[in-house]
Amino acid sequence: MQISAIKMANISDVDLSRLGVTKFGSFTVEVVDPVSDYMELLQSVFDFELIKTFITRPDFRFKFDAMHAITGAYAKPIFVDQLGANSDSISNGIPLEDFGNGHPDPNLTYAKELVTIMYSVDAPDFGAASDGDGDRNMILGKSFFVTPSDSVAMIAANAQETIPYFKNGPKGLARSMPTSGALDLVAKKLNLPFFEVPTGWKFFGNLMDAGKLSICGEESFGTGSDHIREKDGIWAVLAWISIIAYKNKDKKVGEKLASVADIAKEHWATYGRNFFSRYDYEECELEGANKMVEHLRGLISNIKTGEKYGNYTIQFADDFAYTDSVDGSVALKQGIRFVFTDGSRIIFRLSGTGSAGATIRLYVEQYEPDVSKHDMDAQTALKPLIDVALSISKLKEYTGREKPTVIT
């Protein structure tokens, strides 16, 4: 497909605040309400009655931070008007061109306002945020952060039971390569097709178009399903509220509610916990970043199974490549992986190689089946692996960076 011509219509301004059709001769402009269309779609996916019954309980509170971005236009009609939440459940709900001088990324660094609320003494039971264009999300409980890798796994594990759209079970599950293996374990237990793809939603889209995929996610806070062919922040928030509502549907007011943390720990007890963290080193000098990648590629070309790095034993190392099962396309050099015999992984990716420099992303993951260790802080649990990653990459030597810009 290619664009062969661009035609311009010389017409008067259209009042975009009024719904309806305006005609200019044979040319027609229709102004639609995307919120009502989206609401109708969501009502076909979720049990709105279940959610409304729960969300209006006097012993449940939640906070949704729209970050002065596009989901602000959807939050009040959906959560307040349709589902009955208190209006103060929505913060930063007015979309602004400059996002209120904020950075609309829903993570622990840039959604600081929400994080502070959720880690306070009088925190709500559930918190969520969405980004500038509404396709990403962050999920929080009281003093509890759900990693995006865990979030998609927990949604998938509970989807058939809690979300009517999946009443016959998901068609398949998929994650981006850097995302933790938590979703793999769910797919295995539920006997579902599973796909590991490069970073980039188009790879998920191909699988959805082929009818092979229902639920997918990325560690970069993107979660979605085949209700639309895209990641969807509000969908993920409603999926989580559906799970919480279902887990508490038989609880009377005043009884202890199953919390976000309870749901996460129940999941870990069943599947094990994949400790996961991502370090972003933003705006690195491109020359140093490229030299580090060259060093790593040289290392993996000579690495042998059984080699030891600290307490970790190499199973394999490679530069991830992917052949699309739908269209046969091949994607090369999608991330340098060091995979160890205990399931731990170290991954390096280079992105954003523009005028502002490069971003080096370091991903570390360690699987822990021992329930007694599931409450460990992720950074504490991962420190030995992080130390190995920094040592083998010589990141400080090549970039001069002492610490990452963002940790998630």
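## Before you start

The model is predicted, so to speak of local features a pLDDT of at least 70 is needed, side-chain atom pairs count only at pLDDT 80 or more, and totals for chains, interfaces and linings use all residues. Residues are numbered from 1 along each chain as its sequence is written, and side-chain values use heavy atoms, with hydrogens and water left out.

## The sheet from E4 to E7

Let's begin with an open sheet of five strands, in the order E4-E3-E5-E6-E7, with mixed pairing. Helices (H or I, at least four residues) and strands (E, at least two) are DSSP runs numbered from the N terminus, and two strands pair if DSSP finds at least two bridges between them. E4 and E7 are the edge strands; each has a single partner strand, so one side of each has no neighbour in the sheet.

Leu140 has Phe145 in E7 as its bridge partner. Helix H5 lies across E6 and E7, at about 75 degrees to E7. For such angles, axes are lines fitted to C-alpha atoms (for helices, over the stretch in contact), and the angle between N-to-C directions runs from 0 to 180 degrees.

Is Ser91 buried or exposed? Ser91, which lies in strand E4 (residues 90–91), is buried, because its relative accessible area is 11%. The cut-offs are under 20% for buried and over 50% for exposed, with partly exposed in between (1.4 Å probe, protein chains only).

Leaving aside residues up to four places away in sequence, Ser91 touches Lys63, Phe64, Asp65, Ala66, Met67 and Glu113. A contact here means heavy atoms within 4.5 Å.

## The sheet from E9 to E12

Another open sheet has five strands in the order E9-E8-E10-E11-E12, again with mixed pairing. Its edges are strand E9 (194–197) and strand E12 (230–231), each with a single partner strand, so one side of each is left without a neighbour in the sheet. Strand E10 (residues 215–218) and strand E11 (residues 222–225) run antiparallel, joined by four bridges, and Cys216 stands opposite Gly224 in E11.

Two helices pack on this sheet. Helix H5 (residues 148–162) touches strand E8 (173–176), E10 and E11, and its direction makes about 170 degrees with that of E10. Helix H6 (residues 182–190) touches E8 and E9, with its direction at about 165 degrees to that of E8.

## Asp226 in a loop

Asp226 sits in the loop between E11 and E12. Asp226 counts as buried because its relative accessibility is 17%. Not counting residues up to four places away in sequence, Asp226 touches Tyr165, Phe166, Lys171, Met208, Leu213 and Ser214. Its C-alpha atom is separated by 27 Å from that of His68, 158 residues apart along the chain.

## A hairpin and its next partner

Strand E14 (residues 308–309) and strand E15 (residues 312–319) run antiparallel, joined by two bridges. They form a hairpin with two residues between them, and Gly310 in the turn has a positive phi of about 65 degrees. Lys308 has Thr313 in E15 as its bridge partner.

E15 also pairs with strand E18 (residues 336–340), in the antiparallel sense and over five bridges. There, Ala317 has Phe338 in E18 as its bridge partner.

## Pocket and cavity

The largest pocket holds about 400 Å³ of space. Of its 18 lining residues, the closest to the centre are Tyr119, Phe145, Arg273, Asp377 and Ala378. Strand E7 (144–146), strand E13 (273–284) and helix H11 (378–393) are the elements that give two or more residues to this lining. On a 1 Å grid over the protein atoms alone, a cavity is a set of points where a 1.4 Å probe fits but cannot get out, while a pocket is an open set with protein on both sides within 12 Å along at least five of seven lines; lining residues have an atom within 4 Å of a point. Grid points are joined across faces, edges and corners, and a volume is the space filled by probe spheres set on the points.

The structure holds one cavity of 30 Å³ or more, and the largest cavity has about 40 Å³ of space. Residues lining the largest cavity include Asn137, Val146, Ser151 and Phe221. Strand E6 (137–141) and H5 each supply at least two lining residues, and the largest share, three residues, comes from E6.
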